[in-house]
Amino acid sequence: MTDLRQSIHGEWGSRWAFILAATGSAVGLGNIWRFPYVVGEYGGGAFILIYLACILAIGIPVMMAEILIGRRGRQSPINTMRALPAEYGGGRWWQILGWLGVCAGFLVLSFYSVVAGWSLAYVPYTATGTFTGAETSQVEEVFGNLLASPWQMLFWHTLFMGATAYIVLRGVQNGLERAVRLLMPILFLLLLVMVGYGMGAGAFVEAMDFMFSPDFSAIGGDAVLVAMGQAFFTLSLGLGAIMAYGSYLSKRSSIPGNSGLIAGADTVIALLAGLAIFPIVLAAGLDPDSGPGLVFVTLSYGFGQMPLGALFGTLFFLLLSFAALTSAISIMEPATAYLVETRGWRRPKAAAAVAAAAWLVGIGSLLAFNVWAGFTIAGLNFQELAEYLSTSIMLPLGGLLMAVFAGWVLPRSVTGQELALPGWLYRTWLVLVRYIVPAAILVVFANSLGLLG
């Protein structure tokens with residue numbers, strides 16, 4: 001029977017280990033780097049309200065679907081999407097869903113490691129007082145020099161990928177679980193310290209007003225689509241990571257309860273990141289609408305102008321590095337699990353192979369900022385192309401297929417048993433994954449392809 005399958009990789013030692021791991025997967029650069037600058041670009045409070053609505057209506061239902069598919073299959077995403085359609089119908093082509101997630105995760109990991117390397121590089125920058133009293137042009141020059149040096153970026157890219165591989169090769173309980181039990185409390189503690197610093201040294205009242213006083217006149221159709229996309233991507237949905245983590249989840253653990261806690265923790269951390277960053281930015285008289293450079297240029301300048309800025313800047317970039325690491329290990333896991341299951345490789349060999357391949361592809365991304373800057377395909381450099389293919393095409397398509405498979409292919413007896421929800425809540429979830437979620441993802445997908453004008 002399907003519900004008696006056991007994962008050859010083992011199980012989480014407890015429900016909280018799974019919650020910490022899945023939250024760590026969701027909490028990454030998207031929360032602490034991307035979320036604040038997107039909020040800044042789209043006017044603050046009104047955007048946050050729309051984002052929260054998208055988390056409830058789209059993010060949590062898809063997360064529940066991905067976890068239940070993973071737990072039912074008890075294998076890597078590719079092999080799960082071979083086994084379940086064979087048992088419940090739907091055709092062999094559904095294994096495309098598993099391949100989509102693993103391939104998207106591989107691409108994301110390749111350039112994610114490069115960006116995470118920037119955060120590692122900024123730890124010694126801030127610790128040695130590089131930004132203390134610096135002018136804006138000097139801060140921009142530091143970032144520009146990092147991007148212009150392939151050897152510097154290669155060092156930090158290699159260091160980050162090596163740390164990720166080391167954790168994954170140690171297995172579910174000895175590697176993934178031990179890492180998140182250590183890293184997630186440290187991450188949360190550092191974030192609270194940064195919020196406290198913003199309260200004491202920054203423009204905290206102004207930041208609260210910016211984030212929580214909605215101005216819907218600043219909201220257009222594009223902001224709604226961006227909020228929807230951010231809600232979807234911040235939870236690591238469609239990468240196969242949550243499906244893989246779900247395959248290690250005990251049958252006794254509640255999927256709806258876990259999904260709610262994970263989405264809630266992810267959202268709280270994103271909001272705390274805003275409360276840590278915006279007081280510093282606003283206190284320095286800077287514009288929160290600074291785009292992707294908000295953290296590495298604008299915020300670094302802000303730390304340089306404030307009391308104890310070197311200390312707290314160092315803590316912030318440690319926080320950013322830890323957040324990136326907890327996401328990266330989850331992204332590497334599906335491909336590693338597949339090689340263990342299908343090739344019969346030992347986990348260290350599988351993790352090393354995935355890390356080496358992603359590291360090699362990542363070199364293309366880091367060269368796109370310097371040596372290969374003039375090389376483009378359809379107007380996109382190597383890094384932009386990898387990011388576009390994975391996050392704008394493969395992830396929305398994977399999320400769409402996930403909702404359709406859970407809502408239409410798996411029998412209601414199976415999804416009902418896995419979710420164990422009261423009747424009206426189960427019917428609500430079913431309506432969401434069958435109709436609302438696919439329609440919303442199609443809109444995001446069409447927008448990312450430029451079909452909505």
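Reader: I'm looking at pockets first, so what volume does the largest pocket have?
Author: In this predicted model, the largest pocket has a volume of about 1200 Å³.

Reader: And how many residues line the largest pocket, and which lie nearest its centre?
Author: The lining is made up of 45 residues, and those that lie nearest the centre of the largest pocket are Arg34, Tyr37, Phe233, Glu387 and Thr391.

Reader: Which helix gives the largest share of that lining?
Author: That is helix H2, residues 29-41, which contributes eight residues to the lining of the largest pocket.

Reader: How does the lining of the largest pocket split by class?
Author: There are 25 nonpolar residues in the lining of the largest pocket, together with 15 polar and five charged residues.

Reader: OK, and what about the second largest pocket, how much space lies in it?
Author: The second largest pocket holds about 220 Å³ of space, and its lining consists of Trp16, Ile19, Leu20, Thr23, Met184, Pro185, Phe188, Leu261, Ala265 and Ile269.

Reader: Which helices supply at least two residues each there, and which gives the most?
Author: Helix H1 (15-26), helix H8 (172-201) and helix H12 (255-283) each supply at least two residues of the lining of the second largest pocket, with H1 giving the most, namely four residues. By class, that lining has nine nonpolar residues, one polar residue and no charged residues.

Reader: Let me stay with H12 for a moment; how far does H12 reach?
Author: H12 has 29 residues and reaches 42 Å from its first C-alpha to its last, which is close to the 42 Å expected at 1.5 Å a residue.

Reader: Is H12 mostly covered or mostly open?
Author: H12 is mostly covered, with 21 of its 29 residues buried.

Reader: What geometry does tyrosine 122 have with phenylalanine 143?
Author: Tyrosine 122 and phenylalanine 143 form an edge-to-face aromatic pair, at 6.3 Å centre to centre and with 75° between the planes. That pair links distant parts of the chain, since tyrosine 122 is in helix H5 and phenylalanine 143, 21 residues apart from it, is in helix H6 (residues 136-148).

Reader: Why do tyrosine 122 and phenylalanine 143 count as buried?
Author: The cut-off for buried is under 20% relative accessible area, so tyrosine 122 counts as buried at 0% relative accessibility, and phenylalanine 143 counts as buried at 13%.

Reader: Which residues form the aromatic cluster with them?
Author: One aromatic cluster is formed by Trp118, Tyr122, Tyr125, Phe131, Phe143, Phe296, Phe303, Phe316, Phe317 and Phe369.

Note on methods. Residues numbered from 1 in each chain as written. Predicted model: local features only at pLDDT ≥ 70, side-chain atom pairs only at ≥ 80, totals over all residues. Heavy atoms only, no water. 1 Å grid on protein atoms, 1.4 Å probe; cavity = no way out; pocket = protein on both sides within 12 Å on 5 of 7 lines; lining within 4 Å. Points joined across faces, edges and corners; volume = space filled by probe spheres on them. Nonpolar A, V, L, I, M, F, W, Y, C, P; charged D, E, K, R; others polar. Expected span 1.5 Å × (residues − 1). Buried < 20%, exposed > 50% of the residue type's maximum accessible area, 1.4 Å probe, protein only. Phe/Tyr/Trp six-rings, centres within 6.5 Å; stacked < 30°, edge-to-face > 60°.
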